[in-house]
Amino acid sequence: MSRGGTDVSVVPERRVALLGGGFSTDDDGLLDDWVLGRARTPRPKVCFVPTASGDAPGYIDRFLAAYEPRPCDPSVLHLFRRDLDDDALRTFVLAQDVIYVGGGNTANLLAVWRVHGVDRLLREAYDHGTLLCGISAGANCWAEGSHTDSFGPLTHLPDGLGLLPGSVCPHYDTEEGRRSSYRAAVSTGALPAGWAVEDGVGALFTEGRLTDAVTRTPEARLYRVERVERDGSGGSEERAVPCRLLVPGDRLAQPVDQ
């Protein structure tokens with residue numbers, strides 16, 4: 001459109017959502033409804049990307065069972081039996097309103113994406129306003145670095161797409177050793193400051209800034225974890241972020257006390 005003889009382009013908001021649950025772990029569907037409620041259209045095209053699980057058929061089936069009854073058009077991007085050429089792949093990815101990345105192995109996910117050029121396509125989709133989201137490895141991948149068990153024991157992975165500044169740690173409250181290991185990585189500088197996601201939480205970032213935080217249970221929390229200097233050496237501190245409690249039929253419910 002033009003204004004006063006000058007062309008004015010509408011720049012879409014660039015958004016990433018970190019999920020601590022959804023169709024693969026929860027029965028209530030609250031986080032899935034929240035994701036759809038953040039889409040840019042009333043009936044979004046939602047693509048599930050199961051690369052981190054090796055395109056596990058059971059995982060794909062659970063996604064379709066959860067999303068086919070919902071007001072959306074679900075699809076799946078297969079890379080282990082890819083049937084799209086480069087042009088068709090780009091057209092398909094950029095046509096999506098929501099890209100939902102599943103859990104699994106973060107390091108393998110990033111490697112496979114780069115071989116197929118999907119990392120570049122996701123950056124392009126992000127710039128065009130597609131909502132990027134995911135759980136576990138599907139949350140890790142968007143940041144500059146993450147906390148992962150991709151190599152067996154829990155460790156830091158200073159690698160990711162870098163669309164979200166800092167680092168991410170999933171399963172902060174439910175997997176033994178996550179909290180202490182992630183905080184240690186941040187305290188030493190092995191990972192930059194970041195976001196620790198407990199199971200049950202959803203966090204939306206717009207242009208890299210947190211703009212919405214929700215939880216499906218009163219107990220689940222989102223934390224900001226940062227490095228601090230203590231007596232000449234590094235340490236870390238965590239700060240709980242207020243979240244809205246999701247309830248059926250009410251995506252904008254009351255805040256949870258922190």
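A charge is taken to sit over a ring if NZ of Lys or CZ of Arg is within 6 Å of the ring centre and within 35 degrees of the ring normal. The legends below describe close-up views of a predicted model.

**View A. The charged end of Arg-70 over the ring of Tyr-67.** In this predicted model, the charged end of Arg-70 sits over the ring of Tyr-67, at 5.7 Å from the centre of that ring. Tyr-67 also belongs to a cluster that ring pairs build from Phe-23, Phe-48, Tyr-59, Phe-63, Tyr-67 and Tyr-100.

**View B. The aromatic pair of Phe-23 and Phe-63.** The structure holds 14 aromatic pairs. Among them is the pair of Phe-23 and Phe-63, which is edge-to-face, with 5.6 Å from centre to centre and 65° between the planes. Phe-23 and Phe-63 are both buried.

**View C. The tilted pair of Tyr-172 and Tyr-223, with Arg-179 over the face of Tyr-223.** The rings of Tyr-172 and Tyr-223 form a tilted aromatic pair, with centres 5.7 Å apart and 55° between the planes. Tyr-172 is in the loop between strand 10 (164-169) and helix 7 (178-188), while Tyr-223 is in strand 14 (residues 222-230), so the pair ties together parts of the chain that are 51 residues apart in sequence. Tyr-172 counts as buried because its relative accessibility is 2%, and Tyr-223 likewise counts as buried because its relative accessibility is 12%, the cut-off being under 20%. Arg-179 lies over the face of Tyr-223, at 5.0 Å from the ring centre.

**View D. Strand 4 and its parallel partners, strand 5 and strand 6.** Four of the five residues of strand 4 (residues 45-49) are buried, so this strand is largely enclosed by the rest of the structure. Strand 4 pairs in the parallel sense with strand 5 (residues 73-76) over four bridges, and in this pairing Ser-75 of strand 5 is the bridge partner of Cys-47. Strand 4, helix 2 and strand 5 together make a right-handed β-α-β unit. Four bridges also join strand 4 to strand 6 (residues 98-101), the two running parallel, and here Tyr-100 of strand 6 is the bridge partner of Phe-48. Phe-48 and Tyr-100 are also among the residues of the ring cluster shown in View A.

**View E. Helix 4, its buried residues and its two ends.** In helix 4 (residues 106-116), the residues Thr-106, Ala-107, Leu-109, Leu-110, Val-112 and Trp-113 are buried. The elements that cover these buried residues include strand 4, strand 6, helix 5 (118-127), helix 6 (137-140), strand 8 (143-148) and strand 9 (155-157). At the start of helix 4, a side-chain oxygen of Asn-105 comes to within 3.1 Å of the backbone nitrogen of Ala-107, and just after the helix, Gly-117 takes a positive phi of about 75°.

View F. The side chain of Ser-187 reaches the backbone oxygen of Ala-184 at 2.8 Å. When the neighbours within four places in sequence are left aside, Ser-187 is in contact with Arg-227, Gly-234, Gly-235 and Ser-236.

Note on methods. Residues are numbered from 1 along each chain as its sequence is written. This is a predicted model: local features need pLDDT of at least 70, side-chain atom pairs count only at pLDDT 80 or more; totals for chains, interfaces and linings use all residues. Side-chain values use heavy atoms; hydrogens and water are left out. Rings of Phe, Tyr and Trp (its six-membered ring) pair if their centres lie within 6.5 Å; planes under 30 degrees apart count as stacked, over 60 as edge-to-face and the rest as tilted. Buried means under 20% relative accessible area, exposed over 50%, partly exposed in between (1.4 Å probe, protein chains only). Two strands pair if DSSP finds at least two bridges between them. A crossover is right-handed if, with the strands pointing away from the viewer, the path from the first strand over the helix to the second runs clockwise. Contact means heavy atoms within 4.5 Å. A polar contact is a pair of N or O atoms within 3.5 Å; within protein, one must be able to donate a hydrogen and the other to accept it, and residues adjacent in sequence count only if both atoms are side-chain atoms.
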